[in-house]
Amino acid sequence: MASHGRARVTGRLAQRRVVFLVVFAGCVGLLGVGVPGSGGRPGSDPTPSLSPDAVAALFERPLPGVDELAERPAITGDAAADAHIAALAEARGYRRRGLAVGGLATVQGQQLQQSAADDFVAMADAVRTEVGADLRITSAFRSVAFQRDLFLRRLQSQSLVLHGRYLTNAELALGLGDDAIDATLAVVSIPGYSKHHTGLAVDVGSGGRASYSIREAPGWQWLTADGFANALRFGWIPSYPDGAGGLGPDPEPWEWVWIGRDAAACAVAGDCAVGGLDALWAGLSAEVVGWAVDADGARARRLRGVWDGGAVALGGAPGTVRSRFDVAAGRDLAGPAVGFVLALELPEAATWVCVEASSPPARWSRIGCAPLPQDGS
Ligand SMILES: [Zn+2]
């Protein structure tokens, strides 16, 4: 998971904002995505298939439009019980998730980030055209408070089933309700750890089927066929796919998450660039500082900024090259000149920014994202 730098405002925001992102080598880890049969090189295999573990890991690359939660939200409100429950959740593979920032679009009565909404609608149109099936969203963006209610209600019902009564926080903290907690975590995340917080996740139904029986729906089979090829085409991936483990809940065939078409395409081709961004300042002009290397470990040849809704920022090219011996030291091929300073113009309304890199003919890939400081923050 990318760890974003915290925003610091050094000047009053005016018409334009300065974005100044400093870098930590290694703050975005090199994500080794296994691409069986492709050797990981562009163009060496026209139809590579990603393993369920590898495809699920793509959501751990930098994501647009989210702000990291500063601390773990309360669950029951009892510190000891919450620490115990969170430890069990993390042992299953649950991770803290960012919360959507900025406006959300409405699709089928549910809220999603705009780019995710657009690509979901396009994917639903395609499944209708190609196999005559529907894709229905049953849940999308969830607030922390909503997720907390969902988790506690499930925990209470599991306590009734397994213990014949509700358990006290003291009992939960002592480990006397671990069976009920684990049965709950098999299907529901604790607050702050759900991908639904990002505004990039959907639970879907199709053909009148939902939950586990969705596997029998032609629409779901279309999504998953050929290594999730159709879903990847629209920038969507399975969230907790069959065959992947250690992700948190048991496999959830109904949940899908958006990473974007370019991110999906570069993952399939095995040529995603990697890099990092860190701290952020805003003022009268815009500057981004970071580092980026392409899939060969050489300096990425193109850089650009992207803000809310996937709009490309003005400015951006070509950027000043900076030496980053710390990055070079960790890689065989990367020379020291992989750091950059990038000037960007962003509208005052922008709420987040990502920097993308590529070396043609590879697709753009996000190397880092950060929320922008808002007035009054
Ligand atoms: Zn879900």
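**Helix crossing and open sheet**

Helix H2 passes H6 in a right-handed crossing, meaning that the near helix is turned clockwise from the far one by less than a right angle. This is a predicted model: local features need pLDDT of at least 70, side-chain atom pairs count only at pLDDT 80 or more, and totals for chains, interfaces and linings use all residues. Residues are numbered from 1 along each chain as its sequence is written. Helices (H or I, at least four residues) and strands (E, at least two) are DSSP runs, numbered from the N terminus.

**H2 and H6**

- The axes of H2 (residues 79-92) and H6 (residues 178-185) come within 10 Å and cross at roughly 50°; axes are lines fitted to C-alpha atoms, for helices over the stretch in contact, and angles run from 0 to 180 degrees between N-to-C directions.
- The two helices, H2 and H6, are therefore oblique to each other (under 35 degrees is roughly parallel, over 145 roughly antiparallel, 65 to 115 roughly perpendicular, the rest oblique).
- Ile 85, Leu 88, Ala 89 and Arg 92 of H2 meet Asp 178, Ile 181, Asp 182 and Leu 185 of H6, contact being C-beta atoms, placed from the backbone, within 7 Å.

**Sheet**

- Four strands form an open antiparallel sheet in the order E5-E6-E8-E7, where pairing requires that DSSP finds at least two bridges.
- Strands E5 (136-139) and E7 (236-240) are the edges, each pairing on one side only.
- E5 pairs with E6 (residues 201-205) in the antiparallel sense over three bridges.
- Arg 136 stands opposite Gly 205 in E6.

Technical notes. Contact = placed C-beta atoms within 7 Å.
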